[in-house]
Amino acid sequence: MAEEQFEIVDEEPDAPIATPTAADDSGEAGVILASEVLPSTLVLVPIGPRPFFPGMPVPLQVIGPERLEMLKRVLSSPARAVGLVLVKDASASDEPENLYSVGVAARVLKVIGGDVDRVQVLVHTLSRFRVDAATKTPHGVVANVTYHHPRQHPATVELRAYSLAVISTLKELMQVHPLYAEGIRAFFAHSNMDDPGQLADFAATLTTAEGAELQKVLETFDVRRRIDRVLGLLKKELEVALLQQKINKQIEEKMSKNQREFFLREQLKEIKKELGLEKEGKDAEIEKFAARLEKLVLNAEARRAVDDEMSKLKILEPLSPEYTVSRNYLDWLTVLPWGKLSRDSYDLERARRVLDRDHFGLQDVKDRILEFIAVGKVKGDISGSILCLVGPPGVGKTSVGRSIANALDRTFFRFSLGGMRDEAEIKGHRRTYIGAIPGKFLQALKSAGTANPVLMLDEIDKIGASFQGDPASALLEVLDPEQNSSFRDHYLDVPFDLSNVLFIATANQLDTIPAPLLDRMETIRLSGYILEEKVEIARRYLVPKQAEKHGLAKGAVRFRAEALRAIIDGYAREAGVRGLEGQIKKIMRKAAMAAATWGTGRIVVGERAVETYLGKPLFTEEAIEAPAPGVVTGLAWTSLGGATLQIEATAMLAKGKGFKQTGQLGEVMVESSEIAYSFVMANLKRLGAEADFFETHFVHLHVPAGATKKDGPSAGVTMATALVSMIERRAVRERLGMTGELTLQGRVLPIGGVKEKVIAARRVGLVRLILPEANRKDFEELPDYLRADLEVTFARHYWDVYAAAFGAPTGDTDRRRAPRRSGSRRAGAATGAEPAPETAASSRNPAQ
């Protein structure tokens, strides 16, 4: 294309253009230089991103029909000159306003060739010029220009010093950055070092400065100012080159060090391999798994799985993703305690000492545990046993489980099931998932190191369910003695024997545990502690424990018995001792503060000092008010222990009958109140009351405290007695409490939580209790110290309750059977009754 449109021109860059001769100052004819005949009008060629400087050959690429036409016109002109001007904004159009006002004139030397719409052109830059006026034409921008030809300057000392500084900097740059070396040597070989302007222009082209900075150099016509500006650019370039050299050196040293360490490690590996001291990674892994297998007793299916996986691992490359999966699987298979059983201790005396050492009271629980160990001694093992310790928070369920492990000399491991919603937490994840691991049970066995540890499943009553599965259902296989001998985890997918594990679950209540799961466990109830027990627990265990934790010497803080009673009664009335321990911590912190500040010696905490340390009591005196008509004290059970309820009844004259219950009563309790209302209404004649009493009165029954939810059937006899007391306007006997479910026929049905209710009665000072006849055995199994000094009436029918509370009914002419009573008769300790599904609470213990 170039040969068809353009004449191929080939001239030497330094050849002068033939021009008419003129006389110089001496009057002799001479040759006029090309710079002196450059046209005053130039076609401007936009360039970027850097400007060009005079005296250098420059290759250009001309693109587009308009610029090709412009080039054709230039080639046809006598001077073949164009103006090269830097654009201000490369993304904008080639308008005159987008061009700088100073450029460099260049002569076209050669059209190298090209395609249809582009050619390569070699030009030689000649001289600076300033644009006087520019016009946009169809063939490009044409401008009237004024040239600034270089003049010969006298070699002043200042310019010579600048030139030497530039040359010295160029030499330093050449040593630091080899890429500049060839161009600098060529310039030094073919250029005149006595021309500071040419030296400055060349040095500027070597820098990596921005186009705007180089344009300022181009626009600086004064040689001294120009070379000064270029010297600054060269110094910056040298600093960048030195920093780059430093960075490269650091990287090379680091890479060299890493490479050296790598080669040394490889050499060391080869040496060890030759000497038989070390094997490769995969071989070492295989030998490690084989060594583990020699100490394990795997079942047949697990042995086959291990052999298959070992064979697969031998042919896999270590960098393969499947290698990691297979290695992790073998690691879990070989780290589990297959066949590793610790030897059980069935020494009953030692077990009794351990239980007595770790816990005060709980005699019925201790007896159950000793019976359990005795069965294991007779049988030879205690496999297939799942215990469930049920009781309020803080009564020592977890510590009892740990004591059982110590008594049996087994490893103890605990994990919580509370809030667990994913079945995979129990049975593991399948190996197809990234990051899959076995379930909690196999993880626990790995940590325990034996196949027969004591595993405590804490908070089993708070296990959940979600779209990810039902963990409670997954537990059925784990806790079933008929199935857990071949428990199959999803990750391992081989049977593992869990039948030797002693599972101990803990719960605050049984209501939320699924019936199939509860059926697999043997329940042991921890009912809580009375005040005397808490005092001893604090004195024997809590105070020494907290003194040690707070860095206080033994005996540095001593609590008087009355102080402990004040703390328990005013600040920690819950069934357990967790709140009591918290209050003791507060006092210990203040004692530690006193010891650190004043160096105080022994501190004795008396009853009066309790309020100083702990502030005002959290609970007021829980004393039962003097009996009044319509007010009767009932006994209730909650998940936090026993409680007392003072049920109130009142009647107002009205045109029609009505009955209202308040106190946030649950459905079952509302039904109990309606049964009591109907029973009393049906027996008004026997009670000697007016037959139309309920027809003319509106009755209101209230169960304080109103902010606490309550439910359960055991308040039936209490509600009926409150209604009777209201009708007869007669109070019940002093310090009397009662509990029992009532039917429409007046029968008194058994209830649960007898021990908790008796504890609550003793706490508030009740000495007379009315219990269902069917709960006589539960009361007689209570420890002696709980039954002491109590007058108990066991009722089969409501009239037994009436007789114990008021005496014989006013309108009853028949002689009723005398109510059965149990005074302060003592009986041996035995297991307490399990509470029925009922809840009630006072303002102290909200129902759960």
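Modeller: A residue is called buried under 20% relative accessible area, exposed over 50%, and partly exposed in between, with a 1.4 Å probe and protein chains only. This is a predicted model, in which local features need pLDDT of at least 70 and side-chain atom pairs count only at pLDDT 80 or more, while totals for chains, interfaces and linings use all residues. Residues are numbered from 1 along each chain as its sequence is written, and side-chain values use heavy atoms, with hydrogens and water left out.

Biologist: How many aromatic pairs does the structure hold?

Modeller: The structure holds 16 aromatic pairs. Rings of Phe, Tyr and Trp (its six-membered ring) pair if their centres lie within 6.5 Å; planes under 30 degrees apart count as stacked, over 60 as edge-to-face, and the rest as tilted.

Biologist: Why is the pair of Phe-413 and Phe-415 tilted?

Modeller: The planes of Phe-413 and Phe-415 stand at 50°, with the ring centres 6.5 Å apart, so this pair is tilted. Phe-413 is partly exposed at 23% relative accessible area, whereas Phe-415 is buried at 7%.

Biologist: And what of the rings of Phe-693 and Phe-694?

Modeller: Their centres are 5.4 Å apart and their planes lie at 90°, so Phe-693 and Phe-694 make an edge-to-face pair. Phe-693 is buried, with a relative accessible area of 10%, and Phe-694 is buried with 1%.

Biologist: Which residues form one aromatic cluster?

Modeller: One cluster is formed by Phe-679, Tyr-798, Trp-799, Tyr-802 and Phe-806.

Biologist: Changing topic, how many salt bridges are there in the whole structure?

Modeller: A search of the whole structure gives 32 salt bridges. The term stands for a side-chain nitrogen of Lys or Arg within 4 Å of a carboxyl oxygen of Asp or Glu. In one of them, Asp-201 is bridged to Arg-226, with the closest N and O atoms 3.4 Å apart. That pair links distant parts of the chain, since Asp-201 belongs to helix H5 (residues 196–206) and Arg-226 to helix H7, 25 residues apart. Helices (H or I, at least four residues) and strands (E, at least two) are DSSP runs, numbered from the N terminus.

Biologist: Are those two partners buried or exposed, Asp-201 and Arg-226?

Modeller: Asp-201 is buried, at 4% relative accessible area, and Arg-226 is buried too, at 7%. Both belong to a network of salt bridges that links Arg-128, Asp-201 and Arg-226.

Biologist: Which residue forms a salt bridge with Arg-368?

Modeller: The partner of Arg-368 is Glu-522, with the closest N and O atoms 3.5 Å apart. Here again distant parts of the chain are linked: Arg-368 sits in helix H12 (residues 363–379) and Glu-522 in strand S15 (residues 522–525), 154 residues apart. Glu-522 counts as partly exposed, at 39% relative accessibility.

Biologist: Finally, the backbone: which peptide bond is cis?

Modeller: Most residues other than glycine have a negative phi, and most peptide bonds are trans. The bond from Gly-48 to Pro-49 is cis, with omega near 5°, and Pro-49 lies in the loop between strands S3 (41–47) and S4 (57–63).

Biologist: What is the phi of Asp-493, and what is that of Asp-789?

Modeller: Asp-493 has a positive phi near 60°. Its place is the loop between strand S12 (487–488) and strand S13 (495–496), and Asp-493 is partly exposed at 45%. Asp-789 has a positive phi of about 65° and is located in the loop between helix H26 (784–787) and strand S26 (791–795). Asp-789 is exposed, with a relative accessible area of 62%.
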